[in-house]
Amino acid sequence: MSKFYVIDAHCDTISKLVDENASLENHDGVHVSLQGLKEGCVGIQFFAAWIGPRDKYGPHLHRGLRLIKEYNSMLKAYPDVFYPVHGITERNTGKIGALLAVEGGEVLEGSLSNLHLLYSMGVRLMTLTWNFNNEIAGAAMDNNAEGLTTFGTEVVKEMNKLGMIIDVSHLSEEAFWDVIELSSQPVIASHSNAKSLCNHPRNLNDRQIEAIVSKGGVIGINFYPPFLSLQEASITSIIEHIDYIAGLAGAEGIGFGSDFDGVEYLPHGIEGPQSFPDIIEELLRLNYSEETVQKICHGNFSRVMNKIMKQ
Ligand SMILES: [Zn+2]
């Protein structure tokens, strides 16, 4: 495997497979294709089961289970391409690791036993909210965003205990600080950028970035143009967020969280995972050391996974 292999901490490709009947073998239907993952030297891809609004996608847990079924079918269909990542000891350099995530803690429907159910099915990361407040916490895009609820407090503690990665992307700022204070483990923002460069409610302010990094966590740079730049976004915009976060809090806190297949369009120069080498080349050209580029590509997320996930 390339020394600059990539861990991408967020894509919504499974929902494309379910909702649009897309195929990983067809470049036109998805950002994340089998060929793109290989060309992009992706070592581990996090696949999020995106729950979405109930009125469109049905009861939350049912929706989550439907997406997980599709994820399992995908692994089964391509046993030579993927291997599932459940714990820290699994390494298979000939294949692409797949980590199962859920985007939207509403999937629990307010029940801690559903967290255990999902864990038993292989889920190793949960984004606590999507765009709307739920039983766990307030969301960044919702009005009157609240903090962490009593149930949310139990969920965070249980995720710590189980060895699940807590994802604070999409959280309200109130809930964010509650989680930072409560979690005994590092947390990640799987797909968020710097608000100081691009003032969007989904992005993180400087204090939030510093808090994630000083707790040992990582921020996955999101490629969605409206989160990158108020102007037209490009590879340069992605590098600007990397530069900014590195300057503010250190390169140990940076990774990739592309949001492929969760967004309608991509920056100039980015077509899918096959474009990761172009970002890497640009970082090296800008005199980022090989060691730092390796950390950004996979070393930082790998550190967090090893710290949080059990055997
Ligand atoms: Zn998202």
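Tutor: **A close look at helix 6**

In helix 6, the buried residues are Gly 152, Val 155, Val 156 and Met 159, where buried means that 20 or more other C-beta atoms lie within 10 Å of a residue's own, exposed means 12 or fewer, and partly exposed is in between, with C-beta atoms placed from the backbone. Seen down the axis of helix 6, these buried residues fall within an arc of 100°, so they line one face of the helix; the arc is that of the directions from the helix axis to the C-beta atoms. An α-helix has 3.6 residues a turn, so residues three or four places apart point the same way.

This is a predicted model, in which local features need pLDDT of at least 70 and side-chain atom pairs count only at pLDDT 80 or more, while totals for chains, interfaces and linings use all residues. Residues are numbered from 1 along each chain as its sequence is written.

Helix 6 covers residues 150-162, and its 13 residues reach 19 Å from first C-alpha to last, close to the 18 Å expected at 1.5 Å a residue (the expected span being 1.5 Å times one less than the number of residues). Helices (H or I, at least four residues) and strands (E, at least two) are DSSP runs, numbered from the N terminus.

The buried residues of helix 6 pack against helix 5 (112-120), strand 5 (123-127), strand 6 (165-167) and helix 7 (173-182), two residues being in contact if their C-beta atoms, placed from the backbone, lie within 7 Å. On the face turned away from that buried side, helix 6 carries the exposed residues Thr 150 and Lys 161. After helix 6 comes Gly 163, with a positive phi near 85°.
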